[in-house]
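Load the model in a viewer and set up a way to select residues by number. The stops below can be taken in order.

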Amino acid sequence: MNPLPAALAPPRRVLMGPGPSDVSPRVLAALAAPTVGHLDPYFLKIMDEMQKMLRSVFCTTNELTLAVSGTGSAGMEACVVNLIEPGDRMLVCRNGVFGQRMTDVAGRAGAEVTPLERDFGKVFSPEDIAEAVQRVRPKVVGIVHAETSTGARQPLEEISRIVHEAGALLLVDCVTSLGGLPVESDGWEIDAAYSGTQKCLSCPPGLSPVTFSPRAVEAIEARKTKVASWYLDMTMVRSYWGEERAYHHTAPINMNYALHEALRIVLEEGLEARFERHRRNHLALAAGLEALGIEFAVAKEHRLPMLNAVRIPTGVDDVAVRKQLLGTFGIEIGGGLGPMKGKTWRIGLMGETSTGRNVLMFLAALERCLADKGAKIDPGAGVAAANAAYADM
Ligand SMILES: *Cc1c(COP(=O)(O)O)cnc(C)c1O
C-alpha cells in the first residue's frame, strides 16, 4: 500500500463522557505484556486471580463469576440468553436507553417481554415492581442499576425482595455502577449481573465481568433448550474458566491482562475509598455547575456520582460547546441520548477520571466555553464553588 497510513498517534484526551474513562498507565502497560497461549499455565493462573478479584468487586461468593469476551452489551446478552428460554416471560424496567436495549435483547432471545416504563431520569419504586410482577409473573426481572443515559441511580434492595417473593430471578445491569458505587451482589441477592471494563473499572473496552448466583446457575442447568448463543453459552464458557479448562474460544489474552491490572488497582485503593472518592468529586462538580446556573436532570437523591446529567443552558449550542471542550482543552463529555438528545450533557467522573484536578479543570474550561458562546455566567464562580465544596469535606 502506498502511501502507508501514518503510525498511530492518538491524542491525549481527558475522558469525561459516559465511557470510556481514562485508563491508568499501569493498565496500558499490562496490555503491552507478551501474549501467551489461552491454555498457558501462566494465563490459567491469571484467570483464577481475576475470578477472585471479580468476586471481591461484585461482593459475592458466586462460583460462576468471570469476564465475558466482549463489551458490556455482550454481558447483557450473556445474562439474558442464558436465563431465558423461548417463551419465558421477562419483565424489563425501562427508564433509559439501556433498559430499552435490554428489552430488545430479551425479545431476540425469544422472551415474552413486558416492558415497565418510566420517564427518562426517573427510577422505579418497590410498589411499581410489586404491581408488575403480580401482573406479569415473570421468570426474570431485568433492571439497570446506573442508567448512564439519564444519570439516575436505581435503589435495588427492596426490589430484590419483591422479585424473589414472586419467584423470579433478578438480573441487574451494573455496567456503570461497578467500581464507583456499592454493588452488593450477595447482600442484595442479585441473580445475574454484568458490567463493562471501560466505565468505573477504567480499563479499555473489551470485556464484560459477569456473575451468576447459585439460583441462576440452577435455572441454567434446568434449561430444556440449548442456550441460543453459542459464543455466550455459560455452560461451555464456564468449562474453560473452571477446572476442565476445555477450549471454547481463544480468550482475548491481553485484554484480560489489562482487566487483571485494573482490578488490582481497584482493590488496592479499596472499594469504600473508591466510592467515597467518586462521591466527593461528584459533589464538588455539582457545586460548581450549580454556581454557573446549570441544573441537574435528575432529582438529588437519585443522582449517580460517576455520571452527571445536566440540562444544557437555554440558548447555548450543545455541539459547539462540546467541540470547543474537545478541540481546545482535549476534554470529552457526552451529549444526551434518546429523548435527552440536544437537551443534556453527560459529564462522567468514572474511575481514573474522578479526580479533583479534572473537576477543577473541567469547570474552568466550561466557564471559558460558555463565556465564548455568549452565555451569561459569573466567570470563576464554578471553580470557586467547587473549591469551597472541597474545603468543606
Ligand atoms: C455502557 C453501557 C452498556 C453497554 O456497554 P458497551 O460496553 O457499550 O457494550 C450497557 N449498560 C449501561 C448502563 C452502560 O452504561
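## A loop to start from

Select C59 first, which sits in the loop between helix 2 and strand 2. The model is a predicted one. Check the backbone torsions of C59: phi is near 50°, a positive value in a residue that is not glycine. Most residues other than glycine have a negative phi, and most peptide bonds are trans.

The second part of that rule has its own exception here. Go to the loop between strand 1 and helix 1, where P20 is found. The peptide bond that runs from G19 to P20 is cis, and its omega is near 0°.

## The ligand site

Next, select the ligand and display the residues around it. There are 13 of them, and those that come nearest are T71, S73, T148, D173 and K199. Colour this shell by residue class: four residues are nonpolar, six are polar and three are charged.

Now draw distances from the oxygen atoms of the ligand to side chains. An N or O atom in the side chain of S73 is 2.6 Å from a ligand oxygen. For the side chain of Q198, the distance from an N or O atom to a ligand oxygen is 2.7 Å. The side chain of K199 likewise has an N or O atom 2.6 Å from an oxygen of the ligand. With the protein hidden, the ligand alone exposes 380 Å², and the protein buries 90% of that area.

## The largest pocket

Helix 12 has the largest share, with three residues.

The space in the largest pocket is about 560 Å³. Colour its lining by class to find 11 nonpolar, four polar and five charged residues. Then colour by domain: domain 1 (25-268) and domain 2 (271-392) each contribute at least three residues to the lining of the largest pocket.

## The second largest pocket

The last stop is the second largest pocket, with a volume of about 350 Å³. Select Q51, E63, W241, G242 and E243, the closest to its centre among the 19 residues that line it.

Which elements each supply at least two residues of this lining? Show helix 2 (41-58), strand 2 (64-69), helix 7 (214-221) and helix 8 (234-241). The largest share, four residues, is from helix 2. By class, the lining of the second largest pocket holds six nonpolar, five polar and eight charged residues.

Notes
Residues numbered from 1 in each chain as written. Predicted model: local features only at pLDDT ≥ 70, side-chain atom pairs only at ≥ 80, totals over all residues. Heavy atoms only, no water. Near = heavy atom within 4 Å. Polar contact = N/O pair within 3.5 Å; in protein donor to acceptor, adjacent residues only side chain to side chain. Areas by Shrake-Rupley, 256 points an atom, 1.4 Å probe, with all protein chains shown as cover. Nonpolar A, V, L, I, M, F, W, Y, C, P; charged D, E, K, R; others polar. 1 Å grid on protein atoms, 1.4 Å probe; cavity = no way out; pocket = protein on both sides within 12 Å on 5 of 7 lines; lining within 4 Å. Points joined across faces, edges and corners; volume = space filled by probe spheres on them. Domains from an automatic or database assignment.
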